[in-house]
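The questions below concern a predicted model. Each answer works towards the value or name asked for.

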Amino acid sequence: MIQTILLKNRPKGSPTLSDFEFVKEDTKLTPKEGEILLDTVYVSVDPYLRGRMSDAKSYAAPFELNKPIYSGVVAKVTVSKNDNFKEGEFVMGMLDWKTQQVSSGKDLMKVDGEKAPLSAYLGILGMTGLTAYLGLTQIGKPKAGETLIVSGAAGAVGSVVGQIAKNLGLTVIGIAGTDEKVDLLKSKFGFDAAINYNTSKDMSADIAKAAPNGIDIYFDNVGGPISDAVLFNINQFARIVNCGAISVYNNTELPKSISVQPFLVKNSALMQGFIVSNYEEKFPEAMQQLAEWLAAGKLTYTETVVEGFENIPKAFMDLFEGKNTGKMVVKI
């Protein structure tokens, strides 16, 4: 029995279970020459997938209605008719939300479960780690002694950004939504300070207290009022790295926000958005550095692992309620 998850409707506001459709097929897949049969092991759910469920213009083509959704997946090769892959090997790539599928092997990367847990290749050793490393180094251009603040700091990317910055000699402040996450940022990830935006009565003042020397780099994963508060604390020549805006992805109306231009002009500050594929040529060196830090104990990570193929949509929706700590993955 093969299960597939299709996009049934384009969500209006927050996604609901009715926007997804489960299809079961009692069929046996047989790869042809040059193909491999894959059993899904882990599925990555990520905030950016919400944008692809819309048909609005974006950096990536929207998902098609009544077609499988796809994202980062780790899968096991169970049958191989491709000389580049052996049965029993594990691969990672952009694959359909299916329990089993046939692939030509194109754009798949082999991963080694002996060197790191397989799920890590969807997180700290995958696009999550690359996004954190390249966004910070290529746009943030960190210098030892500077101060970095990260929103969505207990999330998959944010928690890695903060650790990388600490390895590079920066003071690091995180913003998260619960006291537990605030404690985790300081105890597990080595942040110097952290702020709970849900209990803060004045975010701008709390940021100023945590960063008495001001903010040199802001790594933004959330957008909205939190980002407005950071702008009041940026230093001259600050760099603002726009990685995501999860707080507004489900908005049905344009959000109201302060004008950023006066802050940028007054401080000669840079604000730049990016997607990780902008820096594809730097993937090998970034992966090598991340792997070295991980092996040396200079990077750690937290995962929220949900069990069961049928729970993929719910795990995805839980991202927007902050129910994950670190990378959210689904184990099949």
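Q: How much space lies in the largest cavity?
A: The model is predicted, and the count of cavities of 30 Å³ or more comes to one. The space in the largest cavity is about 70 Å³.

Q: Which residues are the closest to the centre of the largest cavity?
A: The lining of the largest cavity is made up of 13 residues. Those closest to the centre are Gly-123, Ile-124, Tyr-301, Thr-302 and Lys-327.

Q: Which strand and which helix each supply at least two residues of the lining of the second largest pocket?
A: The second largest pocket holds about 160 Å³ of space. Its lining includes Met-109, Lys-110 and Val-111, and also Met-287, Gln-288 and Ala-291. At least two residues each come from strand S7 (109-111) and helix H8 (283-295).

Q: How do the residues of the lining of the second largest pocket divide by class?
A: Among the lining residues are Lys-115, Ala-116, Tyr-121 and Leu-125. The lining of the second largest pocket divides into two charged, one polar and seven nonpolar.

Q: Over the face of which residue does Lys-110 lie?
A: Lys-110 is one of the residues that line the second largest pocket. Lys-110 also lies 5.5 Å from a ring centre, over the face of Phe-85.

Q: Why is the pair of Phe-22 and Phe-309 edge-to-face, rather than stacked?
A: A search of the whole structure finds eight aromatic pairs. For Phe-22 and Phe-309 the ring centres are 6.4 Å apart, and planes over 60 degrees apart count as edge-to-face. The pair is edge-to-face because the planes lie at 80 degrees.

Q: How many residues apart in sequence are the parts that the pair of Phe-22 and Phe-309 ties together?
A: Phe-22 lies in strand S2 (residues 20-25). Phe-309 lies in the loop between strand S14 (303-307) and helix H9 (312-318). The pair therefore ties together parts whose separation in sequence is 287 residues.

Q: Is Phe-309 buried or exposed?
A: Phe-22 has a relative accessible area of 35% and is partly exposed. For Phe-309 the relative accessibility is 3%, and under 20% counts as buried. Phe-309 is therefore buried.

Q: Which residues do ring pairs link into a cluster with Phe-316?
A: Phe-316 is buried, with a relative accessible area of 0%. Phe-316 and Phe-320 form an edge-to-face pair, 5.3 Å centre to centre and with 85 degrees between the planes. Ring pairs link Phe-316 into a cluster with Phe-20 and Phe-320.

Q: What separates the C-alpha atoms of Pro-47 and Ala-245?
A: Pro-47 lies in the loop between strand S3 (36-44) and helix H1 (49-52), and is partly exposed at 28% relative accessibility. Ala-245 is 198 residues from Pro-47 along the chain. Their C-alpha atoms are separated by 8.9 Å.

Definitions and conventions:
Residues are numbered from 1 along each chain as its sequence is written. This is a predicted model: local features need pLDDT of at least 70, side-chain atom pairs count only at pLDDT 80 or more; totals for chains, interfaces and linings use all residues. Side-chain values use heavy atoms; hydrogens and water are left out. Rings of Phe, Tyr and Trp (its six-membered ring) pair if their centres lie within 6.5 Å; planes under 30 degrees apart count as stacked, over 60 as edge-to-face and the rest as tilted. Helices (H or I, at least four residues) and strands (E, at least two) are DSSP runs, numbered from the N terminus. Buried means under 20% relative accessible area, exposed over 50%, partly exposed in between (1.4 Å probe, protein chains only). A charge sits over a ring if NZ of Lys or CZ of Arg is within 6 Å of the ring centre and within 35 degrees of the ring normal. On a 1 Å grid over the protein atoms alone, a cavity is a set of points where a 1.4 Å probe fits but cannot get out, and a pocket is an open set with protein on both sides within 12 Å along at least five of seven lines; lining residues have an atom within 4 Å of a point. Grid points are joined across faces, edges and corners, and a volume is the space filled by probe spheres set on the points. Ala, Val, Leu, Ile, Met, Phe, Trp, Tyr, Cys and Pro count as nonpolar, Asp, Glu, Lys and Arg as charged, and the others, Gly among them, as polar.
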